[in-house]
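Please look over the model below before reading on. My notes follow as numbered points.

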Amino acid sequence: VQLQASGGGLVQAGDSLRLSCAASGLSLSRYAMGWFRQAPGKRREFVGTHRRSGDSPYYTDSEKGRFTISRDNAKNTVYLQMNILKSEDTAEYFCAATERTFASRSYYFSPTSYEYWGQGTLVTVSS
């Protein structure tokens, strides 16, 4: 299984950016796909997760309304659309996959709930 994140870069505050996560070796429709980020010196934190098709995605309050996760199962790719970027969004962004389903949404917020991880893609937002 491989997850390949891409699309990071240097942008200005207020700009938009779309990250992609291409999956291989798994059938995306069977997995919940999460996005996490990690700023230098900080813990990896949950950004959002797109559960299996048909289920509502979860986001943190700070990202709700600015970030949108979508998926294209035919392309085995998940996207993170980020709008109105802020300097505090600067971090390395990771995608992750879990085949498990959880009754409690809080499990999706934890990095330990995901079996597979891609390498990060760096997003730098200048103010």
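1. S7 and S8 run antiparallel and are joined by 6 bridges. Strands here are DSSP runs of E, at least two residues, numbered from the N terminus. Two strands count as paired if DSSP finds at least two bridges between them. Thr-68 has Gln-81 in S8 as its bridge partner.

2. This is a predicted model, with pLDDT of at least 70 required for local features and 80 or more for side-chain atom pairs, while totals for chains, interfaces and linings use all residues. Numbering starts from 1 along each chain as its sequence is written, and side-chain values use heavy atoms, leaving out hydrogens and water.

3. S7 and S8 form a hairpin with 4 residues between them. Asn-76 lies in that loop, between S7 (67–72) and S8 (77–82). Its phi is positive, near 55 degrees, and Asn-76 is not a glycine. Most residues other than glycine have a negative phi. Is Asn-76 buried or exposed? Asn-76 counts as buried because its relative accessibility is 15%. (Buried is under 20% relative accessible area, exposed over 50%, partly exposed in between, with a 1.4 Å probe and protein chains only.)

4. Ile-84 also deserves a look. This residue has a positive phi of about 50 degrees, though it is not a glycine. Ile-84 sits in the loop between S8 and S9 (91–98). At 53% relative accessibility, Ile-84 counts as exposed.

5. Now the sheet. It is open, has 4 strands in the order S1-S3-S8-S7, and its pairing is antiparallel. S1 (2–6) and S7 stand at the edges with a single partner strand each, so one side of each has no neighbour in the sheet. Neighbouring strands are turned by 15 degrees against each other on average, direction ignored. (Axes are lines fitted to C-alpha atoms; angles run from 0 to 180 degrees between N-to-C directions.)

6. S1 pairs with S3 (residues 17–24) over 5 antiparallel bridges. Gln-2 stands opposite Ser-24 in S3. S3 and S8 pair over 6 bridges, again antiparallel. Here Leu-17 faces Met-82 in S8 as its opposite residue. S8 is largely enclosed by the rest of the structure, because 5 of its 6 residues are buried.
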